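Start with one side chain and its surroundings.

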Amino acid sequence: MAEGGGSSGGGGSAEEALRAAIGRHRHDPRRRILLQVELARRWRDGGDYRRAGILLPLTLAAAERAFGADSPVVAAVCNEWGVLGKYTGHFARSHGLYLRALEIFERAHGPEHDTVATICHNLGGLAHARGDHREGEPWAARSVAVRTRLHGPDHPLVAADIAAWAALLDGCGRLDEAEARLAEALGILRRAYGAEHYEIAVTTHNLAALRHRRGDTTAAAEGYAQALALKERLLGTGHPGLAPTLVNLATALAQRGARREAAGHYARVIAILSPVVAAGHPTLATARRGLAATREQPSDEGTVLT
């Protein structure tokens, strides 16, 4: 299965600068809260889901006290906590947070605004992670429509929305449409970023997943390997963001009969995810089932829902 987009983490010096800025703005609630959201995002991007999960509810409570329940600042915190919940498997909580953020942003900015497009994108991504592709597809289509009207068809944000939409189209069985959308998104991203960018890795993964669904396990494995190598360069070798690509690569290899190599990738996913996600997280569950299958018989495990 396909995966959603994100961004790579940064270094310790940037974290130290954020912490210092939070201290300097302790008497400026809005600035301090937005900096705390950025710090939580940095931790989440770096795979430190535990600290992000501690900081965000505290930040939300502070935002509500300072600005009231219907402030766009509150919506920004809700959105970031919702993103974290998608990664950790707390899907119901994320859904509620996203809907709350969407209501606030629509009231504050109207329906044609980047914040609204972002929440629609994220609601589509959450539905994808849950395997509810038909529920998510209209959210993704709306994000593309809003963002295109705002920025034009060649903007990187539009490309990211198109790639997320394609993943849901794939899940709905609209494979030709999904492949065309992914190729369109990849072209925009390469023109905007060059070859070394996280969204390139995500879209390469998703093209491989589409080919996997068409039954071409050789092309799928090659695509997953390319996406994995790029992710490792950008994120490091122990980042949770590697897990969707690792588990799909393992599945393609197992289906080709390379069970030992597949088992190594499944085991790596389990080692990476077990400390940082909920016990029932679908990617972790898929890796455990896949590893068990490699020890018994050739795997018929499907690709991962992320």
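Leucine 228 touches Leu242, Thr245, Leu246 and Leu249, leaving out residues up to four places away in sequence. Contact here means heavy atoms within 4.5 Å. Leucine 228 sits in helix H11. Helices (H or I, at least four residues) and strands (E, at least two) are DSSP runs, numbered from the N terminus. At 7% relative accessibility, leucine 228 counts as buried. The classes are buried at under 20% relative accessible area, exposed at over 50%, and partly exposed in between, with a 1.4 Å probe and protein chains only. Alanine 185 is 43 residues from leucine 228 along the chain, and their C-alpha atoms are separated by 19 Å.

This is a predicted model: local features need pLDDT of at least 70, side-chain atom pairs count only at pLDDT 80 or more, and totals for chains, interfaces and linings use all residues. Residues are numbered from 1 along each chain as its sequence is written, and side-chain values use heavy atoms, with hydrogens and water left out.

Stay in helix H11, which spans residues 217-235 and also holds lysine 231. Is lysine 231 buried or exposed? Lysine 231 is buried, at 0% relative accessibility. What does its side chain reach? The side chain of lysine 231 meets the backbone oxygen of glycine 241 at 2.8 Å. That falls under the rule for a polar contact: a pair of N or O atoms within 3.5 Å; within protein, one must be able to donate a hydrogen and the other to accept it, and residues adjacent in sequence count only if both atoms are side-chain atoms.

Now step back to the whole chain. The protein chain has 14 helices and zero strands. The radius of gyration is 19 Å, close to the 19 Å that the globule rule gives for 306 residues, so the protein chain is as compact as a globular protein of that length. The radius is taken over C-alpha atoms, and the rule is 2.2 Å times the number of residues to the power 0.38. Along the principal axes, the C-alpha atoms fill a box of roughly 60 × 40 × 35 Å. Buried residues make up 52% of the 306 residues. Of the contacts with a separation of 6 or more, 63% join residues 24 or more positions apart. The protein chain exposes about 12,700 Å², and carbon and sulfur atoms supply 52% of it. Those areas come from the Shrake-Rupley method with a 1.4 Å probe; for residues, only the protein chains shown count as cover.

Next, the interior. In soluble globular proteins, nonpolar side chains tend to be buried together. A nonpolar core is a set of buried Ala, Val, Leu, Ile, Met, Phe, Trp, Tyr and Cys residues joined through side-chain atoms within 4.5 Å. The largest such core here has 66 residues, of which Leu60, Val77, Ile119, Tyr224, Tyr266, Val269 and Leu273 touch the most other members. Apart from it lies another core of 22 residues, among them Ala159, Leu186, Ile200 and Leu210. Isoleucine 119 is in contact with Asn79, Tyr98, Ala101, Leu102 and Phe105, leaving aside its neighbours within four places in sequence.

Turn to the cysteines. How many disulfides are there? The count is zero, with a disulfide taken as a pair of cysteine sulfur atoms within 2.5 Å. Cysteine 120 has its nearest cysteine sulfur, that of cysteine 78, 15 Å away. Cysteine 120 is buried, with a relative accessible area of 0%. For cysteine 172, the nearest cysteine sulfur is that of cysteine 120, 16 Å away. Cysteine 172 is buried too, at 12%.

Helix H9, residues 175-193, contains arginine 191 and arginine 181. Arginine 191 is exposed, at 62% relative accessibility. Its C-alpha atom lies 9.0 Å from that of aspartate 154, 37 residues away in sequence. Arginine 181 is partly exposed, at 23%. Arginine 181 touches Ile162, Trp165, Ala166 and Leu169, not counting residues up to four places away in sequence. The C-alpha atoms of arginine 181 and isoleucine 162 are separated by 6.3 Å. Glutamate 135 is in helix H7, residues 133-151. At 38% relative accessibility, glutamate 135 is partly exposed. Beyond its neighbours within four places in sequence, glutamate 135 is in contact with His95 and Ala127.
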